[in-house]
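Colleague: I'd like to learn how to read this one. Could you walk me through the sheet and then the domains?

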Amino acid sequence: MAARRALKAVLVDLNGTLHVEDAAVPGAQEALKRLRGASVMVRFVTNTTKESKQDLLDRLKKLEFDISEDEIFTSLTAARNLVEQKQVRPMLLVDDRALPDFKGIQTSDPNAVVIGLAPEHFHYQILNQAFRLLLDGAPLIAIHKARYYKRKDGLALGPGPFVTALEYATDTKATVVGKPEKTFFLEALRGTGCEPEEAVMIGDDCRDDVGGAQNVGMLGILVKTAASCEHDCPLM
């Protein structure tokens with residue numbers, strides 16, 4: 001393990017750590033203000049695929065969080081970057097509110113499948129269409145593979161089970177771009193001038209947040225705001 005260096009940057013998870021849907025986690029605004037007072041750079045990272053980056057920013061501002069757009073790095077951004085690199089035309093299995101983050105991407109006559117959290121689209125006909133594209137050789141890009149996430153009414157299925165179903169049915173492997181992938185954390189740190197050993201990740205998911213950060217050389221801090229962290233966390 002690389003030697004720890006002086007702390008220069010903090011990555012903070014959003015949903016489940018600072019807020020849950022339209023409600024702020026109690027004490028989160030005050031904690032963020034204290035963090036702002038420290039001599040470190042702060043970036044906000046999220047696997048949220050239910051809404052565009054602008055909608056997410058508007059939600060955070062309504063909850064009185066002092067956050068700017070250039071401080072947020074989302075898995076949707078990472079997915080778009082990969083689509084552009086591969087120069088493919090994706091079938092977008094994402095929530096309609098997330099579509100603005102793919103503006104300008106050619107989606108007619110798709111030759112790839114991009115899948116995020118899309119509860120309204122996870123039905124047999126659409127999944128079967130994706131299945132057939134994958135059988136024809138289209139690559140499968142998973143924005144992330146979270147098994148579940150926290151809502152106000154309790155835990156809910158994430159995109160992971162649906163990604164896994166498509167992998168199993170087509171004997172293929174998805175390229176995953178969101179947490180806990182190493183590339184996600186490295187991209188989030190890009191522009192900070194910080195190495196992973198100089199950064200810490202704060203999040204509510206022991207695997208995607210803490211485990212992912214540790215795998216890239218960062219420190220991970222688990223906040224117990226979500227019931228999900230209690231089910232299978234090897235750190236507890």
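Modeller: Let's begin with terms: helices (H or I, at least four residues) and strands (E, at least two) are DSSP runs, numbered from the N terminus. Two strands pair if DSSP finds at least two bridges between them. This is a predicted model, where local features need pLDDT of at least 70 and side-chain atom pairs count only at pLDDT 80 or more, while totals for chains, interfaces and linings use all residues. Residues are numbered from 1 along each chain as its sequence is written, and side-chain values use heavy atoms, leaving out hydrogens and water.

Colleague: Which residue stands opposite Leu-11 in E12?

Modeller: That's Met-201. Strands E1 (residues 9-13) and E12 (residues 199-203) run parallel, joined by 4 bridges.

Colleague: In what order do the 5 strands of the open sheet come?

Modeller: In general, strands of a sheet pair through backbone hydrogen bonds, either parallel or antiparallel. Here the order is E5-E4-E1-E12-E13, with parallel pairing. Strand E5 (72-74) and strand E13 (219-222) are at the edges with a single partner strand each, so one side of each has no neighbour in the sheet.

Colleague: And the domains, how are they bounded?

Modeller: Bounds come from an automatic or database domain assignment. For this protein it gives domain 1 (9-47 + 179-222) and domain 2 (89-176). Their centres, taken over C-alpha atoms, are 25 Å apart.

Colleague: How many salt bridges are counted between domain 1 and domain 2?

Modeller: A salt bridge puts a side-chain nitrogen of Lys or Arg within 4 Å of a carboxyl oxygen of Asp or Glu. Between domain 1 and domain 2 the count is 0.
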